[in-house]
2 protein chains.
Amino acid sequence: MGFAARTPQLEEILSQLEQSDALEELQDVIEKLRDCFGVDHMVYHWVSSTGEQYGCGTYSPEWVQRYLDQGYLRIDPVVLGCFQRFHPVDWKRLDWSSRAARAFQKEALDYGVGNQGLSIPIRGPNGQFALYTLSHNCSDREWAEFTERHRRELILVAHYFNQKALEFEPGRVPEQGQALSPREVEAMTLIAVGYNRAQAAESLSISEHTLRVYIESARFKLGAMNTTHAVAKALSRGLIVV
Amino acid sequence: MGFAARTPQLEEILSQLEQSDALEELQDVIEKLRDCFGVDHMVYHWVSSTGEQYGCGTYSPEWVQRYLDQGYLRIDPVVLGCFQRFHPVDWKRLDWSSRAARAFQKEALDYGVGNQGLSIPIRGPNGQFALYTLSHNCSDREWAEFTERHRRELILVAHYFNQKALEFEPGRVPEQGQALSPREVEAMTLIAVGYNRAQAAESLSISEHTLRVYIESARFKLGAMNTTHAVAKALSRGLIVV
DNA sequence: CACAGCCTCACCGTTTTTGGGGAGTTGGAA
DNA sequence: TTCCAACTCCCCAAAAACGGTGAGGCTGTG
């Protein structure tokens with residue numbers, strides 16, 4: 001096996017993916033990808049920063065609806081397991097022991113989901129989390145061979161797919177206020193790591209009153225209602241790093 | 001260009017990476033990778049959820065020491081910029097406008113860091129964040145060509161490298177498992193967006209006392225010293241999103 | 001069934017933070 | 001030079017958060 005297989009067809013699909021400029025097009029792309037890889041199902045499932053879900057893929061609409069209605073997101077072992085992991089996860093290696101999980105599994109099979117599956121967790125900025133999933137009906141051995149053979153391509157596809165999805169994320173307007181001054185950054189950082197004002201001030205070798213001015217100033221610049229809010233905003237915007 | 005270039009040499013290095021079973025070996029691997037890609041520097045830099053840093057790479061020890069001593073992590077535009085993005089980032093596209101950033105940049109050059117750079121952000125479970133960086137001295141055109149040619153391989157290498165690093169993560173066991181309950185997440189989220197306890201409680205239609213219990217519980221679970229700290233930790237670990 | 005974890009409510013006093021003032025220095029930019 | 005932004009320091013009173021303790025109902029798992 002080469003570093004990653006050369007597949008003109010996949011190349012072409014990825015090209016389409018990169019050039020697509022609407023969310024709807026992703027559905028088309030994922031169907032082509034499914035056919036290209038020759039699996040029963042392929043799904044991209046995105047849990048946005050606000051908790052909304054977006055997905056495209058080849059599961060039956062009934063299953064998708066059922067999944068959403070029942071809030072299966074919170075009990076699906078695939079989601080729960082992938083959330084804790086980094087690398088592609090074979091469904092067999094997940095924890096299906098709980099009663100709810102087994103019921104879910106059975107129901108999924110009834111709705112046409114394959115007995116085999118591979119899910120790749122993807123994480124973006126601001127807590128974005130997505131899953132790129134392949135599912136198929138076949139023997140363990142066949143599935144192991146398939147996943148081994150295409151592992152690298154799939155990781156890349158997942159990456160590119162998510163990159164595109166991120167472009168379409170609504171309301172990701174970079175709310176650029178002004179940056180914080182160096183001292184403000186230091187002060188905010190110390191507060192963010194749990195110091196109270198007295199400790200932070202001592203750590204910076206300044207008076208607590210001065211430190212307070214920085215925090216207030218940062219709060220003002222960030223348009224925050226209180227210190228905690230300011231820290232949260234600063235973290236979200238990457239102005240400080242903890 | 002194929003889907004990803006076939007390179008036996010890279011293949012071999014990745015093999016070594018996958019089989020390595022000690023952190024020290026990663027240093028060897030990254031040097032080989034640097035030579036394989038023919039760039040001046042290659043660095044893997046990991047910021048754990050607890051704020052500790054680990055890195056391996058080919059920067060001079062003096063620069064690494066300087067970086068750590070000065071806490072450059074918090075002002076490095078590469079880190080700050082990559083934190084907001086998903087795809088590989090060319091250093092030229094970052095914001096170097098602040099005074100601190102320019103001083104940092106100048107100093108980095110003095111310490112042997114290249115004038116060109118490409119950094120790939122990587123995110124793991126529990127708010128893990130890492131950077132896989134290549135740096136080189138060459139013209140803009142050469143660099144653009146290089147990054148275009150190797151983009152896909154580099155994404156994969158970054159993925160594999162991080163996967164290995166995660167295996168070695170110290171203290172991974174104690175950190176995990178302390179997920180917040182749904183109510184705690186709601187409470188923390190409201191606090192994070194600037195509500196005070198009364199407002200948050202009203203928003204959840206519960207008494208302020210109850211809300212307080214959630215916050216305290218979350219604080220305890222997260223090992224935080226105060227509410228602000230807890231919010232920062234929850235954000236860093238991706239337990240809540242604003 | 002028992003136990004654990006989650007959700008809900010309450011009171012107490014203490015500590016910390018907040019929000020409003022005012023005021024002096026420095027160093028870089030216009 | 002003049003000006004502004006950043007940095008430093010101080011007081012006070014009101015508001016908010018904290019910490020501890022206690023207690024009942026509900027659900028799901030072993």
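Q: How far does a polar side-chain atom of Thr210(B) lie from a phosphate oxygen of DNA strand C?
A: This is a predicted model, in which local features need pLDDT of at least 70, side-chain atom pairs count only at pLDDT 80 or more, and totals for chains, interfaces and linings use all residues; side-chain values use heavy atoms, with hydrogens and water left out. Residues are numbered from 1 along each chain as its sequence is written, while chains are lettered from A and ligands numbered from 1 in the order in which they are written. A polar contact is a pair of N or O atoms within 3.5 Å; within protein, one must be able to donate a hydrogen and the other to accept it, and residues adjacent in sequence count only if both atoms are side-chain atoms. For Thr210(B) and the phosphate oxygen, the distance is 2.9 Å.

Q: What percentage of the atoms of DNA strand C within 4 Å of the protein is sugar and phosphate?
A: Near means that a heavy atom of the residue lies within 4 Å of the molecule or strand. Of the 19 residues around DNA strand C, Arg197(A), Arg219(A), Thr227(A), Ser181(B) and Tyr214(B) come nearest. Among the DNA atoms within 4 Å of the protein, the share of sugar and phosphate is 64%.

Q: Which helix supplies the largest share of the surface near DNA strand C?
A: Helices (H or I, at least four residues) and strands (E, at least two) are DSSP runs, numbered from the N terminus. At least two residues each come from α9 (208–222) of chain A and from α8 (182–192) and α10 (208–222) of chain B. The largest share, six residues, belongs to α10(B).

Q: How many charged residues does this surface near DNA strand C have?
A: Ala, Val, Leu, Ile, Met, Phe, Trp, Tyr, Cys and Pro count as nonpolar, Asp, Glu, Lys and Arg as charged, and the others, Gly among them, as polar. The surface has five nonpolar and six polar residues, and its charged residues number eight.

Q: Which helix of chain A do the buried residues of α8(B) pack against?
A: Buried means under 20% relative accessible area, exposed over 50%, and partly exposed in between (1.4 Å probe, protein chains only). In α8(B) the buried residues include Met188(B), Leu190(B) and Ile191(B). With contact meaning heavy atoms within 4.5 Å, they pack against α9 (197–204), α10 and α11 (227–236) of chain B and, from chain A, α10 (227–236).

Q: Which residue of β5(B) is the bridge partner of Ser119(B)?
A: β4(B) pairs with β5 (residues 129–136) over eight antiparallel bridges and with β3 (residues 89–90) over two. Ser119(B) is bridged to Val89(B). In β5(B), its partner is Thr133(B).

Q: How many residues of β4(B) are buried?
A: In a regular strand the side chains alternate between the two faces of the sheet. In β4(B) both faces are covered, with Leu118(B) among the buried residues on one side and Pro121(B) among those on the other. For the strand, residues 116–123, the buried count is eight of eight.

Technical notes:
Pairing = 2+ DSSP bridges.
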